[in-house]
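The entries below are kept in the order in which I checked them.

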Amino acid sequence: MRSYRSLKTELSTKFKESVDKNNFNEFLKASKTLLSSWKENDFKNIVELTIREVLLDLIKTGANITFLERVFQFSIDAAIHDAVAGNAPVLVIGDMFESSTIAECEKYFSFVESRVEVFKKDIFFKACKNHLLRSCNDLLKRLSRSQNTVFCGRILMFLAHIFPLSERSGLNIISEFNLENTTAYSTKDDSFSDLVSEKSDGAEEGEISSQSHSPVTIDKNLYQKFWSLQDFFRSPNTCYNKMQWRQFASCTSEILTVFGSFKSDDAKLSKWKQAKLPSPDGSSVYFAKYLTSPKLLELELSDSHFRRYVLVQFLILFQYLTLPVKFKLESYILTEEQQNWLKETTKNIYKLLEETPPNGETFAQDVEKILQREEYWNAWKNEGCPDFKPLSDKAEIEKRIKKRPGDDLHAYPNKKINAEAIKLWNTKPNNWEACRSAKRNFVPTLESYFQITSEGEESPKRDMTDSKYTWKALRLLCMKSPHIFTANTAPAKGVSEYLESIIQKLAKEKPQSQQDSATVETGITEDESMEDANDEFLPASEEDSKEEVKKENILTKALIEIISEKLQDNWQAIALKLGFQEDEVEYFETSFPDAKLQTEQMLTVWMEQDGSLPTFTKILQSTGSLNTVLSILSS
């Protein structure tokens with residue numbers, strides 16, 4: 001039996017030759033031949049060790065990146081063919097990261113990015129997810145958030161693609177804050193004394209003039225208030241403390257006032273150019289956390305990008321304070337005064353964002369949409385982050401869209417189902433469209449709903465104790481009859497008695513209107529049988545005395561129907577003369593489609609309230625419409 005060292009040396013040679021030829025099958029065949037007598041676990045361990053050792057040799061000798069990518073691909077192919085363990089590709093890429101510089105790691109990371117779908121397969125994901133997460137986190141710890149921001153973003157985006165949304169390791173379930181993210185700023189008086197002296201000395205030759213015309217003086221008080229807000233941003237729960245809330249609200253109001261006083265510079269027109277550090281690939285990208293020198297605050301306040309950073313931080317903090325978060329303490333509650341302050345301040349911040357160039361309005365709208373989406377994510381986390389189950393089958397999606405609501409009921413044969421309900425649900429695929437159908441727009445007449453019969457016939461009995469019937473009756477009277485609007489100061493008795501009186505009045509009006517139509521030549525008629533609907537609610541003594549009084553010279557309904565057509569042009573002026581208010585006139589205009597109906601309704605209501613024909617004649621004479629009415633009556 002050959003020694004382990006000789007077998008391993010020969011296998012490494014075969015592997016290098018296969019990588020050079022880019023022929024994995026040749027290496028797989030050679031390894032099975034050389035290690036045919038070895039057990040399966042030993043076979044996998046030797047092949048994995050060979051791949052990792054050859055990789056390190058290639059990195060030491062400065063091999064081409066193409067060869068390194070082939071080694072990584074060979075490890076994936078070996079795992080697919082069960083020649084190595086499923087986590088071997090992650091161990092290989094981890095060796096590459098640990099033995100390379102950050103600039104090289106940025107290039108090697110593209111090997112993993114381009115194979116996201118490969119790592120999502122079951123053969124890799126179950127075996128690799130923990131090792132992959134550990135390798136990425138180790139790499140993130142080596143990177144600078146200010147100089148390697150893009151690379152950090154690539155790693156986080158890769159993890160977001162590879163892991164499901166419900167993966168607990170990336171959710172911050174209990175809403176912890178990164179309290180280590182501190183912002184150091186100066187608290188010594190020397191820094192501000194130097195700043196004052198520099199302003200008094202003036203600009204040196206070749207130096208850009210300082211902000212000599214600044215609307216706000218940058219002093220120690222403003223400087224410390226501004227940077228102290230970062231403590232509230234990194235730990236929002238401190239705002240629920242009464243004393244700290246006062247400090248936060250005071251600092252916020254003052255800083256927002258300063259932002260409103262400073263004119264922000266457009267990034268394209270600003271004289272102040274951002275310092276850029278060259279990145280390894282030649283592009284200049286630099287993201288500084290914060291530069292907290294007192295000398296720079298005046299420039300930062302007028303910088304549009306800096307202003308946006310701070311204003312968006314305010315909006316994120318305000319959203320957290322107002323939203324219900326599952327792991328907040330019960331004592332973390334804002335008062336009504338604090339909530340109103342947050343609403344007003346939020347409006348002010350959005351206004352400042354809209355005024356900040358470039359494209360301020362668009363930027364403010366985008367921020368608002370992003371924060372609205374965050375509310376959905378917050379609600380999802382409050383529910384315990386349930387798994388998402390997307391529909392992968394297109395046919396299944398179309399089936400669910402086309403399925404009618406009533407079809408779901410057939411899946412439950414043991415339950416009693418109303419056949420009429422199923423028929424109603426399946427009338428149209430879209431129930432909202434069926435509800436908007438013109439056939440559903442109907443209102444019954446008063447005679448049909450109250451079942452009012454002609455004179456002499458016995459009317460059917462109605463159940464006035466049915467709340468549904470009385471509610472619909474009152475709704476119908478509001479639309480069709482003026483009697484419900486008649487004024488009365490007497491105490492009311494009950495809805496059922498009131499409706500009975502209305503129905504009796506409507507029954508009496510029906511034959512009376514026919515009689516009035518036959519005697520319209522005289523223009524005046526006595527309506528002795530007509531009673532006020534509200535008489536039922538008067539005391540007995542008043543009721544008896546009122547029955548003895550005959551209503552002579554009363555404006556009749558038949559007369560109203562005849563003269564309304566001639567009075568419709570100036571009925572608003574007549575209505576005001578009759579004592580109607582402007583809002584009542586507006587009600588008639590909006591409730592009825594044309595002027596004739598508006599005139600009829602106005603006169604009908606007045607008839608119920610007063611109805612005196614002499615009074616009506618005087619009103620017509622004052623408006624110049626009397627001759628028109630007399631000519632109608634005499635014709």
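What follows are my entries on a predicted model, starting with a single asparagine and going on to ring pairs and charges over rings.

Entry 1, Asn378. I looked up where Asn378 sits and found its place in helix α16, which covers residues 360-382.

Val325 is 53 residues away from Asn378 along the chain, yet I found their C-alpha atoms separated by 7.2 Å. For Pro324 I also noted that its backbone oxygen lies 3.0 Å from a polar atom of the Asn378 side chain.

I recorded 32 aromatic pairs in the structure. One of them joins Phe580 and Phe588 in an edge-to-face arrangement, with 5.7 Å from centre to centre and 80 degrees between the planes. Both Phe580 and Phe588 are buried. Which residues do ring pairs link into a cluster? I wrote down Phe232, Phe233, Trp245, Phe248, Phe314, Phe318 and Trp341.

I found Arg70 over the face of Phe67, at 5.2 Å from the ring centre. In a further case, I noted that the charged end of Arg308 sits over the ring of Phe363, 4.1 Å from the centre of that ring.

Technical notes
Residues numbered from 1 in each chain as written. Predicted model: local features only at pLDDT ≥ 70, side-chain atom pairs only at ≥ 80, totals over all residues. Heavy atoms only, no water. Helix = DSSP H or I, 4+ residues; strand = E, 2+ residues; numbered from the N terminus. Polar contact = N/O pair within 3.5 Å; in protein donor to acceptor, adjacent residues only side chain to side chain. Phe/Tyr/Trp six-rings, centres within 6.5 Å; stacked < 30°, edge-to-face > 60°. Buried < 20%, exposed > 50% of the residue type's maximum accessible area, 1.4 Å probe, protein only. Lys NZ or Arg CZ within 6 Å of the ring centre and 35° of its normal.
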